[in-house]
Amino acid sequence: MKLLTLNFLTCAIKTCKTSPASFPLHPRDAELEIIESEINLPFLRNILPRLMWEEIRVIASELGLPSLPTTPPTREDLVEGASQAQATEQAEGEAVAEVEEVPSQTAKDLHRILLETGIKEGKLVCGNCAHEYKVMEGVANFLLPGHLV
Amino acid sequence: MATAMTPDDSQGSQRYEEEHVHSVYEQIASHFSSTRYKPWPIVERFLKEQQDGAVGADIGCGNGKYLAVNPRVYIVGSDRSRNLAQIATQHYPHSAIVADNLSLPHPASTFDFAISIAVVHHLSTPARRVEAVEAILELLKSPQQGEVAASGGKALIYVWALEQKDSRRGWDEGHEQDVMVPWVLKEKKEKAQKERKGRRKEAKEGAGVEGEKSAAVNQPESAKPAEDKTFLRYYHLYKKGELERDITEAGGEVVESGYEKDNWWAIATRKQ
Ligand SMILES: [Zn+2]
């Protein structure tokens with residue numbers, strides 16, 4: 001399960017959802033896997049404003065991944081030499097739109113962490129009720145035992 | 001067609017759906033998935049209309065066929081069947097998890113859009129169907145203060161219709177709405193497969209829009225019926241106006257609704 005998914009997950013127990021402690025879920029005993037994929041700049045740019053950056057930093061650090069910068073990257077940070085390209089665009093208009101954008105190291109790191117790194121086996125734990133959800137073969141299971149439904 | 005006897009208490013309903021919906025899909029997952037590849041036009045249109053970078057949820061995503069429609073959005077799919085969710089995880093850049101549609105593990109008011117295709121009709125009581133719609137609406141971003149309801153997140157819900165007299169099943173107005181629908185799982189026999197090959201095209205054309213395979217359509221005379229296994233799935237067939245009523249009761253507002261090939265559909269938002 002790619003880490004980006006965690007940005008949109010919380011505890012399945014209704015009474016937990018209103019508690020801030022239920023988000024994000026915390027990985028435990030996680031075995032990570034890398035599934036490589038082609039970097040998609042427009043996708044990263046679009047998802048950027050949706051990221052709960054502080055929470056993603058917490059998850060990354062809990063998983064022992066390289067620490068993320070304290071402030072979220074901007075859209076411009078994702079493209080190599082973006083400021084320069086913008087200047088040319090103003091001067092030459094449409095012609096520049098054809099130039100292929102080169103992903104910056106920031107974009108590559110973000111892609112690696114959010115889309116290529118996944119939890120293969122392990123648990124996701126609710127910070128409010130401590131319920132554990134199992135991740136098996138890369139799929140997280142949120143079905144609740146009968147007494148918790 | 002068998003009429004379904006549905007229990008009326010909540011515990012009983014859960015057990016009933018476990019036996020007559022969840023466990024069936026788990027067992028037929030791979031075969032079911034191989035018949036689910038063509039998106040329905042209304043669903044395809046809805047997904048393609050979403051803005052680039054929109055974030056959505058696919059409640060009851062099955063094998064994830066709708067995850068592949070628009071790669072410029074990000075969708076978290078969920079399904080009650082582990083086997084189907086596993087198949088759905090293959091659709092990059094999207095995600096898929098195992099979850100119950102009445103206990104979804106998503107933060108409320110987060111999603112730009114949601115779809116729930118051929119799912120709500122599997123719940124066996126009116127209250128649970130309304131609850132399922134509520135659970136979908138709850139995921140959506142609320143409309144901004146002072147704006148029209150349509151400015152919030154939108155959900156597309158799609159259910160099987162009672163009125164389908166021209167379909168192979170022939171149900172229509174006035175018929176029983178709670179039914180058991182068979183799924184015939186073919187026993188894998190190489191010889192039988194070969195015999196069937198020549199007939200495959202014919203079978204596909206004969207099948208209903210949902211790609212349902214039944215004994216009547218997909219059964220070559222030469223095959224031994226004893227080798228096949230029939231599973232019965234519970235369905236509540238929606239009659240005209242019923243989906244809209246469920247949405248209103250769940251606190252939603254219907255933006256657009258209609259009928260497409262044996263199914264009722266509606267696009268809904270949350271009320272302000
Ligand atoms: Zn919890």
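Okay, quick definition to start: when I say contact, I mean heavy atoms within 4.5 Å. Helices (H or I, at least four residues) and strands (E, at least two) are DSSP runs, numbered from the N terminus. Axes are lines fitted to C-alpha atoms, for helices over the stretch in contact, and angles run from 0 to 180 degrees between N-to-C directions.

With that, look at helix α8 of chain B, residues 242-249: it lies across β6, β9 and β10 of chain B and runs at about 165° to β9(B).

Housekeeping: this is a predicted model, where local features need pLDDT of at least 70, side-chain atom pairs count only at pLDDT 80 or more, and totals for chains, interfaces and linings use all residues. Residues are numbered from 1 along each chain as its sequence is written, chains are lettered from A and ligands numbered from 1 in the order in which they are written, and side-chain values use heavy atoms, with hydrogens and water left out.

Now the sheet. It's open, with seven strands in chain B, ordered β4-β3-β2-β5-β6-β10-β9, and the pairing is mixed; to pair, two strands need at least two DSSP bridges between them. At the edges you find β4 (95-98) and β9 (252-260) of chain B, each with a single partner strand, so one side of each has no neighbour in the sheet. Strand to strand, the twist averages 15°.

Over at the β4 end, β3(B), residues 74-79, pairs with β4(B) in the parallel sense over four bridges. There, V76(B) has S95(B) as its bridge partner.
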